[in-house]
Amino acid sequence: MTLQIKSIDEYHTEYARSVADPEGFWAEQAATFRWHKPWRQVLKWNFREPNVQWFVGGRLNITENCLDRHLETRPNQVAILWEPNDPKRKPRKITYKQLYGQVCQFANALKAQGVKKGDRVCIYMPMTPELAVAVLACARIGAIHSVVFAGFSAVSLADRIKDAQCKVVLTSDGNSRGPKNIPVKQVVDEAIALGCDSVEHVIVHQNTGDPVAMHSDRDIWWHEAIKGKRKSCKATIVDSEDMLFILYTSGSTGKPKGVVHTHGGYMVYTEYTFRNVFQYQPGEVYWCTADIGWVTGHSYIVYGPLLAGATSVMFEGIPTYPDPGRFWDVIQRHKVNIFYTAPTAIRALMAAGDTWVKGRRMPSLRVLGTVGEPINEEAWHWYNERIGKKRCPIVDTWWQTETGGILITPIAGITPLKPCYATLPLPGVQPCLVDANGNEIEGNDVEGMLCLKFPWPAILRTTYGDHERCRQTYFAAFKDKYFTGDGARRDADGMYRIIGRVDDVINVSGHRIGTAEVEDAINKTPRVVESAVVGYPHDIKGQGIYAYVIADGPVADEAAFKKSVLDTVTREIGPIAKPDKIQVVPGLPKTRSGKIMRRILRKIAEGDTSNLGDTTTLLNPEVVEEIKAGAV
């Protein structure tokens, strides 16, 4: 297994070594895995095209490293511990041996439906063990999985299926989430009806038992698909740089970007970061509360923990169902040692009051983590005191869908902690701050735009089907640098604090939502002429969505009009993108070239109207006063 850092001195030594000899450093980590053919070159790269390749010429299958190699040493250890949405239902414990059998059986079922190496498979499923099985079964046969969060609308799902030209869609009859049952199969049917001509088969897992329409020529039940299939399946050996998965993320333009990750580098990096950041010890129970529809679930529920031979908890429900004590009950019952969740969840549980925490002893907890957005200081202290009892280090991790794994974070129990700071880069990660002209800002106690000047093994390789978009989005802003889109501060001790997005992306509950995407949806509402969307501080979500909307004339019933806007956004994207505030406005502040002055709209949304800067150069300065007067 990979090296685990044990002290702050060792961290500094390893970090220096990883920068001086990155190829030697990562080759050492990679050598601990099962390879069918060794690589002939550790790294080939440039950020101009961009073209990044790790472990060039190496041949492997990531699932052999997640499953097969553990069968000799821990066949009966629990690999996935599933906690259902309904606490009255019994949890499921799946050992490494059982998981291997289920993955192989479903891999054979996929092959029987004509899925082969290189085919794209869309997965639109709730958080049941079958979702993890589906992901691994695709990887087993060299198919490329594209998981779509099962809260996205039919339109959003169709966009992703069409972009990836998926051959098969995997789903369930329904999704139990809190008190609601969500008809996910129905959403898949609606999506396919929107022109997803590439889809040949839909495999449906019976989850809730709700009745669903089945198309006899296209749909097949999961239990029927696996019937009679063998529980062994030889892994398809792939190239280190073959695609493992596509995961769609919002951008500052309307169309979602299909971020591509590959087998070799992603495998090495997720295992290394999981083992080191959380200081995972054999036999511990680890729980990441994310959904596998997001990158956190890919890297730190499925791949990272299974590569490291860990026990990974999968949770179907939500933090507040049936009450705000649910997380703490699960930790108590399953004796969770490492707990990794989002600041949004922490703030929501903090707001519910301390009564839900009092009386719940959680002595098993050893490490706490946060992911998705920077955690605010009040929530950090509450988490530290009420949940960690001041004895559990908090790893405030910073990374992105595009980075594949954690980049800047404390290492549990080793790195000095500072609330709101992601602290120090992991070995192999070379961050820098630049000014607007791309000049690197040297020294400490400085602020700038966060870039990375050297590749790490899990860096994205492209955006699916549009490499130029990848270049433009991440590599064109600053020469020979990957631009994260985030602003950051480096303090006097060299620790990093992430300030937030510098592009038109809003971070809602840890999920990046492009303003253009929301505006496109709002503009499809009847009577809407134009809209502008900005983020504003939100007590629970971190950032809320504030929409300024122009109608085609006087609006007599504002409540009904706003409801139609919300309904349209829900239909086009999903409930996650619904604006928290909608203001009907007579116009939008624009420059003489027609550009919307979002800076002004952002300040008004934040309630800061004292200093809006010079508005006299606007095409329509008078509209600013009207917007200020009607702010919600």
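**View 1. Helix H5 is mostly covered in this predicted model**. Of the 12 residues in H5, 12 are buried.

**View 2. Helix H5 runs from residue 129 to residue 140**. From the first C-alpha to the last, H5 reaches 16 Å. This is close to the 16 Å expected at 1.5 Å a residue. Just after H5 comes Gly-142, which takes a positive phi of about 80°.

**View 3. Helix H5 packs against helix H10, residues 295–307**. Two packed helices are described by the angle between their axes and the distance between the axes. For H5 and H10, the angle is about 65° and the axes are 10 Å apart. The crossing of this pair is right-handed. H5 contributes Ala-132, Val-135, Leu-136 and Ala-139 to the contact, while H10 contributes Val-302, Tyr-303 and Leu-306. By class, the contact has seven nonpolar residues, no polar residues and no charged residues. An α-helix has 3.6 residues a turn, so residues three or four places apart point the same way.

**View 4. His-511 lies in strand E27**. The strand covers residues 511–514. The relative accessibility of His-511 is 19%. His-511 counts as buried because this value is under the 20% cut-off. Leaving aside residues up to four places away in sequence, His-511 touches Trp-294, Ile-506 and Ile-576.

Definitions and conventions:
Residues are numbered from 1 along each chain as its sequence is written. This is a predicted model: local features need pLDDT of at least 70, side-chain atom pairs count only at pLDDT 80 or more; totals for chains, interfaces and linings use all residues. Side-chain values use heavy atoms; hydrogens and water are left out. Helices (H or I, at least four residues) and strands (E, at least two) are DSSP runs, numbered from the N terminus. Buried means under 20% relative accessible area, exposed over 50%, partly exposed in between (1.4 Å probe, protein chains only). Contact means heavy atoms within 4.5 Å. The expected span of a helix is 1.5 Å times one less than its number of residues. Axes are lines fitted to C-alpha atoms, for helices over the stretch in contact, and angles run from 0 to 180 degrees between N-to-C directions. A crossing is left-handed if the near helix is turned anticlockwise from the far one by less than a right angle, and right-handed if clockwise. Ala, Val, Leu, Ile, Met, Phe, Trp, Tyr, Cys and Pro count as nonpolar, Asp, Glu, Lys and Arg as charged, and the others, Gly among them, as polar.
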